[in-house]
Amino acid sequence: MNMCKPVCICDEMNPKRNIGLDEIVLFAVNTVVTLFCTSLPRQYNHERAFMMHSLIAKRRQFRTRVRPLLFFCLALMFASLPRALRADEPPADSTQQKQEQKSTEEQDGEDQAKQAGAHFKIGTDAIKLKQWDNAISELEQAVKISPENSAYHHALGIAYMGSKQANAGWYHFRQAVRLDPANVVATVDFMKTWKLLDAQGLFNVGNPLKKVVQTLGKPDQAVDRGARLRLVYGFMSLNFINERLFSILDMRNLPPKGLSTTDGMAFTLAEKEWVVAYRILAANQGNTEYVRRGETIQSWTELFSSQRFIDAARNKTAADVMKGIQQRLESRFSNVAFKVLDESDKDVLFTWSIEQTDEHAAQQEVVRLVQGEHDIHRLAYTRKGAFEEETDTQAFWIKKLKQAKLLSAKELRAYHEKQQRIIQETELRDVSRQILAKQIELIRKKEIEDLKLFFTEDARKRITQELLEKVIPFLDKLSPEEMVDHVTIESEGQSVKATIFDKQAEPFTILIQIKGRWFAETIWFEALVK
């Protein structure tokens, strides 16, 4: 027999009395306890009865002690409400609150925009009156409020330039074109400054990093990849290798995946006579220019150009481009001599020249245009000053341009790697002869510590004063030119080694490259005393 009975929530003495809030709470507790008790197995009948009787016994204590506290809490809760809730009024809509907040933020933004616009208007009016200090003050306020506004930065740059503060003006021109490359007037002023610096030779290939940064200031962006460094100023990217300027990239209108090529022209120039002076790449063309050693791109007598017109072959032929060049020359100069030497739709060779006048110097050019898969390639030799047709100089360059070959991108990379290796080997051969002459001098003077600097750590341990004493009698018979005939460079994983051969094509010594410097791992003069 189940000894637990449900407990009635009505008062025992007055079963018809209205039920209060405390009775409702107690009813909930009774119900939970009752359900728990009835779920116990039959063997726990005694425990169930004890729990139920204890609960009934505590009812009156609950009423007398808890009821005042309960009513106090309810009164406090209702008193804290900002207003009474009516049954027919729905709760506040969070979406409406967000809209109100958004509307407030938009209003604040409009107010700030008006303030910035007002400063901009006063500042530009001051520029017209050449009141530079007032213009700077107002436009600084406009930029502070709206730092992403290209027009504000451009106007501030004009004000700074007017007040002879070129560095500050240059900075704000950069920010103007960075924020909006389509800002035409800002681009014009940015390029005026850039071309002025370019004319002074700042962007010549080989210029040291320190010089460039000292002139241009802190870059807008820097990407450091060890030996390679990329600095961005406005929409121009300067690329350095081993802290020397290598190339310029104009980033305007570049395709999302960047620039690529399917082919290019392979040609050779005498490395001892020609050097790369300028290298730039843009969305529509790339250009590398060479000058004679000792000359610059700002001052030259002879110039060799390798240029490609990107995607021009999609709607033009090489012959079309040649005709366009001829038309531009004839519209600009009145005394153009233009001669086609060889012509097909995809490959043309021609010369043009102009005589000296009061407005320009005499100049002649030999040009070859070759149509690739997508691009049209231009190779040109240009010389200042007049010279006769059919001379040896002209014939030499006509032959040189005819020998150039159109190669696929893969073939061209392999060709350039081979050419670069040949250049490195030639340079290392010449340097090795100079270093060898220096080492012979140090051996004669017995300056052992300075001599050790040319060798690896392991080799240095074997260089002793005793060894130098034995070697000195043989030095008069040595010639650096005969000891160093040619060099081969090979890569083995992460290491680079160079083998130096003598006139008899025998290995003379081995060099290894450590952190960009060459060290001998063999001691060449040990063989003299063995």
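Tutor: Let's start with a rule: rings of Phe, Tyr and Trp (its six-membered ring) pair if their centres lie within 6.5 Å. By that rule, this predicted model has 17 aromatic pairs.

Student: What makes Phe190 and Phe235 a pair, and why is the pair called tilted?

Tutor: Their ring centres are 4.7 Å apart, and the limit is 6.5 Å, so the two rings pair. Planes under 30 degrees apart count as stacked and over 60 as edge-to-face. The planes here stand at 55°, so this pair is tilted.

Student: Which residues of H6 and H7 meet?

Tutor: From H6, they include His153, Leu156, Tyr160 and Met161; from H7, Trp170, Phe173 and Leu179 are among them. By class, the contact has ten nonpolar, seven polar and no charged residues.

Student: How do you know that E2 and E3 pair?

Tutor: At least two bridges are needed. Strands E2 (residues 228-233) and E3 (residues 236-241) have six bridges, in the antiparallel sense, so they pass. Leu229 stands opposite Phe240 in E3, and Leu231 has Leu238 as its bridge partner there.

Student: What joins E3 to E4?

Tutor: Six bridges, with E3 and strand E4 (residues 244-250) running antiparallel. Asn239 stands opposite Ser247 in E4.

Student: How many residues lie between the strands in these two hairpins?

Tutor: Two in the hairpin of E2 and E3, where Gly234 takes a positive phi near 65°. The hairpin of E3 and E4 also has two, and Asn242 in its turn has a positive phi of about 50°.

Student: Which sheet do these strands belong to, and what makes E1 and E9 edge strands?

Tutor: It is an open sheet of eleven strands with mixed pairing, in the order E1-E2-E3-E4-E6-E7-E8-E12-E11-E10-E9. Strands E1 (221-225) and E9 (336-343) each have a single partner strand, so one side of each lacks a neighbour in the sheet. Neighbouring strands here are turned by 20° against each other on average, direction ignored. Helix H10 (residues 318-332) packs on this sheet, and its direction makes about 170° with that of E9. Helix H11 (residues 392-403) packs on the sheet as well, making about 15° with the direction of E11.

Student: What is the strand order in the sheet of four, and which strands are its edges?

Tutor: The order is E14-E15-E16-E17, an open sheet with antiparallel pairing. E14 (486-492) and E17 (517-520) are the edges, since each pairs on one side only. On average, neighbouring strands of this sheet are turned by 30° against each other, direction ignored.

Student: How do you know that E14 and E15 pair?

Tutor: Two bridges would be enough, and E14 and E15 (residues 495-501) have seven, in the antiparallel sense, so the pairing holds.

Definitions and conventions: Residues are numbered from 1 along each chain as its sequence is written. This is a predicted model: local features need pLDDT of at least 70, side-chain atom pairs count only at pLDDT 80 or more; totals for chains, interfaces and linings use all residues. Side-chain values use heavy atoms; hydrogens and water are left out. Contact means heavy atoms within 4.5 Å. Ala, Val, Leu, Ile, Met, Phe, Trp, Tyr, Cys and Pro count as nonpolar, Asp, Glu, Lys and Arg as charged, and the others, Gly among them, as polar. Axes are lines fitted to C-alpha atoms, for helices over the stretch in contact, and angles run from 0 to 180 degrees between N-to-C directions.
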